Amino acid sequence: MTAEFRRLYPSAEGLRVFRAPGRVNVIGEHTDYNYGFVLPMALDLAAYVATAPSGDGKLRIYSEDRKEMREFDAAGLADLAPAHHWTDYPIGVAQEAIRAGYPIEPANLLIRATVPDGSGLSSSAALEVSSALAFLAGRPIDPLELAKLCQRAERNFVGMPCGIMDQYISVFGREHSAVEIDCRSLGHRFVSLPAGVAFIAVNTMVKHALAGSAYKDRVRECAAAVEILKTRYPAVESLRDVTPGMFEPAAHLLPDVVMRRARHIVTEDVRVNRFVEASQSGDLAAMGRLLVESHRSLQYDYQVSCEELDFLADAALPIEGVYGSRMTGGGFGGCTVTMLRDEAAANFRERISSAYQDRYGLVPRIYDCKPSAGAGECKNFETIPALV
Ligand code: GLA
């Protein structure tokens, strides 16, 4: 990556490289903006940002995979409006950094991303967090503030009313562990998954256009549910506060669609907690069942799945060694995550890939989900992977 940097820019004096990972969410989908629980793991797929001072007042950003260079006046960053372009992610982060009291120094940036775009593996948060670290260039920041700053960039500048999960796990990921995040307290605990078990993400290779608008609809529908449930339970501030025992007698107060959205969130929070318990007691069958229940709830109640995701989740289940499978991330395309016996992985990859090709004529990309460390500086440039 340093060689590419030198080819692109006249000076690599003071070059530093920062990395931030993508993630796969094991369970707890769409619960984050309802202040509930999620259980993601950071991946070894990541965004890398190389940066060195430009010395000429400019901020230049080059994306290797898009082969595109953009140039900005560093002094004018705070006044830029969104351009509906990939640069909205770093520029949104720059604006939030400036607001948080970190002026942006003129610099040349080179971005390399190994997290596939539109895969539901959180390429956006990886880009936000790695850009933030590059802009900070070693200035200290509290890790939680870093995650929140990047979430604000996505909400305020990119215009996606996302929860905190993706930015949080990109910052707080840890090798060999999934991370259970309480999206209200913003605390977390590390969850080591049972030995002998693998998690594999399979990419539908599609992203349906509905994704952005449907996400906003779900956020609104959940807020509508809260407003109505409050009339019965005044202490309820978010769906996180509603237990299944409270929900059942009040469900009839909600219009059908809103009721189903809320039912997904209320039951999904319980599934996250059960999954963690089952993982701790090594109950692999229960873990698998919870993954399938989560998928069904996203498919029928929350309605954020799609035909291709349903196909992959269903086709995984009869394959030897599979415990469970579900869509992961925002939905409407992207990946499924499948939990299976370690030794069953090679056969699984072959079978799921040929089933998907037979059905859709697309070769799904398949990723081993190896829990990896959260964001930081890459001191050893040799460890930066080549562009895939
Ligand atoms: C996207 C958002 C996250 C989360 C997931 C769904 O990835 O960025 O905040 O809401 O969807 O769980």
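Start by selecting Asp56, Lys58, Arg60, Glu71 and Asp73, which a network of salt bridges links (a salt bridge is a side-chain nitrogen of Lys or Arg within 4 Å of a carboxyl oxygen of Asp or Glu). The model is predicted, so local features need pLDDT of at least 70 and side-chain atom pairs count only at pLDDT 80 or more, while totals for chains, interfaces and linings use all residues. Residues are numbered from 1 along each chain as its sequence is written, and side-chain values use heavy atoms, leaving out hydrogens and water.

Arginine 60 is buried at 15% relative accessible area, whereas aspartate 56 is partly exposed at 40% (buried means under 20% relative accessible area, exposed over 50%, partly exposed in between; 1.4 Å probe, protein chains only).

Next, select glutamate 320 and arginine 341, a salt bridge at 3.2 Å, N to O. Glutamate 320 sits in the loop between helix 10 and strand 9 and arginine 341 in strand 10, so the pair ties together parts 21 residues apart in sequence (helices, H or I of at least four residues, and strands, E of at least two, are DSSP runs numbered from the N terminus).

Then move to helix 11, residues 345-360. Select Ala345, Phe348, Ile352, Ser353 and Tyr356, which are buried. They cover an arc of only 115° around the axis, which puts them on the same side of helix 11 (the arc is that of the directions from the helix axis to the C-beta atoms). On the face turned away, pick the exposed Ala346, Glu350 and Asp358.

How values were computed: The expected span of a helix is 1.5 Å times one less than its number of residues.
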